[in-house]
Amino acid sequence: MEETSNEAPEAPEPSLDVMQYVHAVWRRKWLILGVMAAVMLMGLFHTLRQPRIYTASTSLIIDVAAPRVLDTEVKEVMGDERGNYWANKEYYQTQSEVITSRAVSSRVVDRLGLRNDAAFLGVAGIQDEEARKKAMAAADPVAMVRSRITVIPSANSRVVRIAVEDVDPKRAALLANEVADAYIAENLALRLKTTEGASVWLEERMGELGSRASTSELDLYKFKRGADVLSMSVPGKDGEQQPSTAKLAYDSFMTELIAVRTRMAAVQARVDAMRQLRKSASPDAEHWAEGLSAANEGALRDLRDKVLEQRTQCVELSERYLPEHPKMQECQGKLAVLQQELRRSLENLVKGAETDLAAVKANERTLLERVEQAKAEAFALTEKEIAYQKLRREAENDQRLYEMVLKRFKELELSGQLRTSNVRVLDAALPNPVPVRPNTRSAVMLFFLLGLMGGVAVALGLELLDASVASRADVEERLGLAFIGAMPPLKPDDGGPADLYIHRHPRSQAAEMCRAIRTNLLFMSPDKPFRTVVVSSAGPSEGKSTVVINLGMVMAQTGSRVLLMDTDMRRPRLHRAFGVPDDMGVSSLVVGEGSLEGAIKSTDVPNLFVLPCGPLPPNPAELLHTRAFSELLGKLRERFDCVLLDSPPLGPVSDALVLSKQTDGILLVLKAGTTQREQAKRAIRSLRDVKARVIGALLNHVDLKGGRYGAESYGYGYRGYGNERDEQRSVS
């Protein structure tokens, strides 16, 4: 026999199959309903035991600012200029915090006397007087009131609802109205307290600033008197300060000095010109005088004219007389006198210019002295003016601060007398006889959903924790084996035991499923059909013997000679299923006792024969290892078309491993929902270790109605070709 291997790598864990979990939920629907019913009952019981809670609400209108009574220039301490969205949002959030503050709740407690209200504190049921007093003393009514207040702002409006919860509807309405009143009172008190604090501070600052203003004015007066000045500067028409007298004097002297220096420059130029002309001129006086502008004016001009006339006469006389002539002598004497007088006049003119120059220089020196003196006085006065201006500024600042604080103090004093509030009640709270908690309908719906989700979670958890082999996907994807088919659970009926159910019901769904297994085995090796097949399981009580019997019957129905060979020499049961004796069988033939014809028994099923186990040997595995057994198996292969060997489970013993090496292959039977995947994997690994050919796996005891996938998942979504009437006819 040619040994073949059907080894394959172990399949990875399959990906998530949503329909698998859907079927799991449906399969465990009664568990889900039970969990849901239990949760709903517990939730309903818990809800009915809860105390009834009532609520009442007061509506308030909270304006951004209080009504404007005074002038718009009179502003309060707490600013109310909120011109943007975020400022308004922060403001209303702050008001919500104020409403739920301890200050407001404390006002409510004091006004309603809740510290001594046993019903409100929840201690009215305590009969012992001392214990009730201790409980009341230990309670915190302010915290209790705060815990019952809920602020509900209205969207896009200035309306705010104050809701209060209580076990008494009337007290809930009373608390809601009192909380609103306490909030209004607290808001007004907070504003008045802030105003009073600001007024006290301003009054203190006002006294200090008034004293400083008086001191500053006195210091300014003392400085002016000590500096011996009436005023540092004179205010002009436009309010600007005019220069001081020292500065004016300095400017005047500088103007005169500039004028004198200008005149001195002109005189100096004239004197220099005269000196230059006198130095460079000819001895004739009249020629030198021609370069002077002053020589052409007044007496000097007349004198020059006389000199010229006299010279002309002398020239005319020289034409007629000799120089020694008396007339020439007289003419020359007169000319000399006139020239002498002209020179003297010119010298006097130069001396006069020099005298003017000396006077101008003297005037310049005097003006320079006065300018320096005026500058020194201006600098000294400027230094005093700086000190004066500093004192004046301090005095003006002190006076201005004093006036500003005084004005603000008067404004706050006036605004503090107002008792207007920016909060007013829109709708007062009324008792509501309908409790808000517990809401039985909502609670039932909630616990219904919780129970449903809990039941589904339990079902899915069980599905995830279920490590058994229960579906075709488990066989193919998790175990990596070929899926041969599935068998439903066979139950005994009035006609006989469960092992022969298919023989009694040939058109049942179980029979059709068994025929499908037969067909799958044929198609797995059409060229070389399986002649010897070992049928085993991963563990005991998984229905391998039932599979062997029913598979043998459907194979025999095709006309093939089929032998069922009981090789389970530890717990044989084929002989009991067919009611044949077990005194001679496989063990007898292996040890050489009896004949093959005497050991093989016929059955009520045509072409189906049984070879019982025979007496139980002490060493089954060693017996199956013998040559005699191999020879026996060879003889049976020649006489029958198919031999099905019913062997022990793979887990406890190694008989099936020994048989798998001597046959065409091994068929693994797995009980759906019972066989664990790890157990099946160990069995498969043991077969692969000995290089046995694993034909595939068969799922037994599959619940087609309530299974994980239903009949359609196995390809059996029908009950067969016949109907109930045909089936009943065949049985009869």
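Biologist: Which residues form a nonpolar patch on the surface, and about how much accessible area do they have together?

Modeller: Before the answer, please note that this is a predicted model, in which local features need pLDDT of at least 70 and side-chain atom pairs count only at pLDDT 80 or more, while totals for chains, interfaces and linings use all residues. Residues are numbered from 1 along each chain as its sequence is written, and side-chain values use heavy atoms, with hydrogens and water left out. A patch is made of residues with over 30% relative accessible area and no salt bridge, joining like charges within 9 Å or nonpolar side chains (Val, Leu, Ile, Met, Phe, Trp, Tyr) within 5 Å. Here the patch consists of L446, L449, L450 and M453, which together have about 370 Å² of accessible area (Shrake-Rupley method, 1.4 Å probe, with only the protein chains shown counting as cover for residues). One of them, L449, belongs to helix α13, residues 440-465 (helices, H or I, of at least four residues and strands, E, of at least two are DSSP runs numbered from the N terminus).

Biologist: Why does L449 count as partly exposed?

Modeller: Buried means under 20% relative accessible area, exposed means over 50%, and partly exposed is in between, with a 1.4 Å probe and protein chains only. L449 has 42% relative accessibility, and therefore it counts as partly exposed. For the chain as a whole, 40% of the 732 residues are buried, and the accessible surface comes to about 40,400 Å², with 55% of that belonging to carbon and sulfur atoms.

Biologist: How should I read a sheet, and in what order do the eight strands stand?

Modeller: Strands of a sheet pair through backbone hydrogen bonds, either parallel or antiparallel. The chain has 25 helices and 14 strands, and eight of the strands form an open, mixed sheet in the order β7-β14-β13-β8-β12-β9-β11-β10 (two strands pair if DSSP finds at least two bridges between them). Because β7 (483-486) and β10 (601-602) are at the edges with a single partner strand each, one side of each has no neighbour in the sheet. Inside the sheet, β9 (residues 562-566) and β12 (residues 642-646) run parallel and are joined by five bridges, with M565 opposite L645 of β12. Helix α17 (residues 544-556) lies across several strands, including β8, β9 and β12, and runs at about 170° to β12 (axes are lines fitted to C-alpha atoms, for helices over the stretch in contact, and angles run from 0 to 180 degrees between N-to-C directions).

Biologist: What is the strand order in the sheet of four strands, and how are they paired?

Modeller: That open sheet has the order β2-β3-β1-β6 with antiparallel pairing. Since β2 (149-153) and β6 (423-427) are the edge strands, each with a single partner, one side of each lacks a neighbour in the sheet. From one strand to the next, the twist averages 30°. Four bridges connect the antiparallel strands β1 (residues 54-62) and β6, and I61 has R424 as its bridge partner in β6. R424 also takes part in a network of salt bridges with D63 and R158.

Biologist: How many salt bridges does the structure hold?

Modeller: A salt bridge is a side-chain nitrogen of Lys or Arg within 4 Å of a carboxyl oxygen of Asp or Glu, and the structure holds 18 of them. D474 and R478 form one, at 3.1 Å from N to O, and these residues lie four apart in helix α14, about one turn of the helix. In another, D646 and K544 bring their closest N and O atoms to 3.2 Å. Because D646 is in strand β12 and K544 in helix α17, this pair ties together parts that are 102 residues apart in sequence. Both D646 and K544 are buried.

Technical notes: Contact = heavy atoms within 4.5 Å.
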